[in-house]
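Hello,

Here is the structure I promised to pass on. Please open it first, then read my notes below.

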There are 2 protein chains.
Amino acid sequence: MREGYTVAVVGAGLVGERLVAELRRREFPLKELRVLARSARRAVLAGETFEVGVAEPDAFEGVDFAFFAGTEGEKGAAVQLAREAIDRGAIVIDNGSDFRLDPQVPLVVPEVNSEALNDHRGLIANANCSTIQMVVTLAPLIREFGVRKVVVSTYQAVSGSGRSGVEALEDGRADVYPKTIAGNAIPLIGGVGEDGYTTEETKMREESRKILSLPELEVHATAVRIPVHTGHSESVYAETEERVSLSEVVEALQDAPGVVFCGNAGDFPTPLEVAGEPGTYVGRIRVEGNSITYWCVADNLLKGAATNAVQIAEALVGARV
Amino acid sequence: MREGYTVAVVGAGLVGERLVAELRRREFPLKELRVLARSARRAVLAGETFEVGVAEPDAFEGVDFAFFAGTEGEKGAAVQLAREAIDRGAIVIDNGSDFRLDPQVPLVVPEVNSEALNDHRGLIANANCSTIQMVVTLAPLIREFGVRKVVVSTYQAVSGSGRSGVEALEDGRADVYPKTIAGNAIPLIGGVGEDGYTTEETKMREESRKILSLPELEVHATAVRIPVHTGHSESVYAETEERVSLSEVVEALQDAPGVVFCGNAGDFPTPLEVAGEPGTYVGRIRVEGNSITYWCVADNLLKGAATNAVQIAEALVGARV
């Protein structure tokens, strides 16, 4: 490991801020930390003042790792700038969705498929927030029991849409979601494809298949926005190859990297408690025959975005995962 | 049909009030409408002033139909008073959960199994709110295609817990739910049984089996409270016997009694819009092979409670259902 790396964070929104916070909290070996955005300004991110630079090609001179925070529903800055950064010697870790399904781009959740980092070409994609916590919890079940089919329903927080989502919930901002989110549940995240699935639901299927190396995995996802600030929850049903027992499932999840098992009786994780925590929390496990049903919660800005991205960089420099 | 019936509503909470409103709105043939509760008082329910009487045996003299509003999580008044009311000639329709699984008590959702009313013994059970909207939407799919397995995740409103649930959401009342409900999602409704399922989830399985006359139906339910005032939503996955097509499924649901189909592209029902409406609203239908995934919403106090109960009485007197 070198003494320290020059890191650029591209984006000063909620994910950009969490990237700064996670690089500091996890003590990523930093020589220099730059924040880049559309326009130059002074900004306070995670309690630290930055002279934000303009995200343009030359801003990546000397950068070892460039984290692109990504944006929801539009092409991210990585589409314009990733190649420029790579050409200047940076490894790009993109939280946006533009490159995730590109066969030449590893899509990595380090607890699940860090081996995919071995043949990157300078660009690594961070997975969709809802996908990350699902595959972290599915991977041990797949490893131990084999899983052929998943039915998942999400309970997604507004901060997944960035600051505008938070404004929609807290201030009634009306141009963010198709319907009022305060006091409501909106079963539509992204556009609707020809098969009736939304882009969010399709990401959960296609990204999971890629990360888990299970191109045939059945994933029936329903992605729903609810009036929660931060923390995505998921109700997951997984069908295994063979009959399993509750104790086997609990053991597999307790031992799984990145998973925090919350017990199985009256206790369970909720987004209000998990917001701000880096792990993926699991509870309410039920097992019948060859089916496993459980509840999992993760901070969509941390494990669902910033934490996972920093873990990718850590894996690349040989630090902890 | 007689000229009019003497009706007693037992309970002056949210469901009691909706029972009064639905009896009026649906123009149930009333000769007299009494409201009974634990203590006598003057109360305004659905804009109408009542001299509320004490719910005691003699209060049921001359009553033709007694609607018990039911309570969540404790024995309802029907346990004490249903027999007294029946002995005095009343037909009791109980919204509580005490008698639902009693083999001698019909458990009825009129669109689905009104034939079960043929052999009642004076007592008819109204089903659980989450169960009603699920079976209304599953019944046409079962009729047309056969369904062997259901995976359902709920998004339940606080008014399902009565006025105290609304106070927990709106005023932060802390003794209603196991954790803060404002800005949160709580995957625990009722107590946890030995198999890990909560009472609410078990109701959804056992009541559905009884109403649908499918004692072997697989139902994997996860019941979750979210910060919504009124209107339960459900993400439902149903596996059919044979492969189905989207157009067949849409047609079956469009033709189904009690179902309001909201279209299948960008439009979909939400609880904020469905609150106050008597139907069961369906959207987001996706079909792959032999699986059907959809979203349904109903007012938990109306179709989930009061409307269904009044429909039962209508079926008994030969009025519309």
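Strand β10 (residues 218-222) of chain A is largely enclosed by the rest of the structure, because four of its five residues are buried. Keep in mind that this is a predicted model. Strand β9 (residues 147-155) of chain A pairs with β10(A). The two run parallel, joined by five bridges. In this pairing, A:V152 stands opposite A:A221 of β10(A).

Now the two chains. Chain B can be laid on chain A by a turn of 180°, with a shift of 0.0 Å along the axis. The RMSD is 0.0 Å. The two copies are thus related as by a two-fold rotation axis.

How do they meet? Through the same surface, since 100% of the interface residues of chain B are also interface residues in chain A. On chain B, 49 residues are in contact with 49 residues of chain A. About 3,800 Å² is buried between the chains, 58% of it on carbon and sulfur atoms. B:K179, B:R284 and B:R286 supply 16% of the area that chain B buries against chain A. That is more than any other three residues.

One of the pairs is B:E201 with A:R286, whose closest N and O atoms are 3.5 Å apart. Polar contacts across the interface come to 34 residue pairs. Several elements of chain B supply at least two residues each to the side that touches chain A, among them α6 (199-212), β11 (232-240) and β13 (280-288). β9(B) gives the most to that side, with five residues.

Best wishes

Terms used
Residues numbered from 1 in each chain as written. Chains lettered and ligands numbered in written order. Predicted model: local features only at pLDDT ≥ 70, side-chain atom pairs only at ≥ 80, totals over all residues. Heavy atoms only, no water. Least-squares fit on C-alpha atoms with pLDDT ≥ 70 in both. Contact = heavy atoms within 4.5 Å. Buried < 20%, exposed > 50% of the residue type's maximum accessible area, 1.4 Å probe, protein only. Pairing = 2+ DSSP bridges. Buried area = accessible area lost by both parts, 1.4 Å probe. Salt bridge = Lys/Arg side-chain N within 4 Å of Asp/Glu carboxyl O. Polar contact = N/O pair within 3.5 Å; in protein donor to acceptor, adjacent residues only side chain to side chain.
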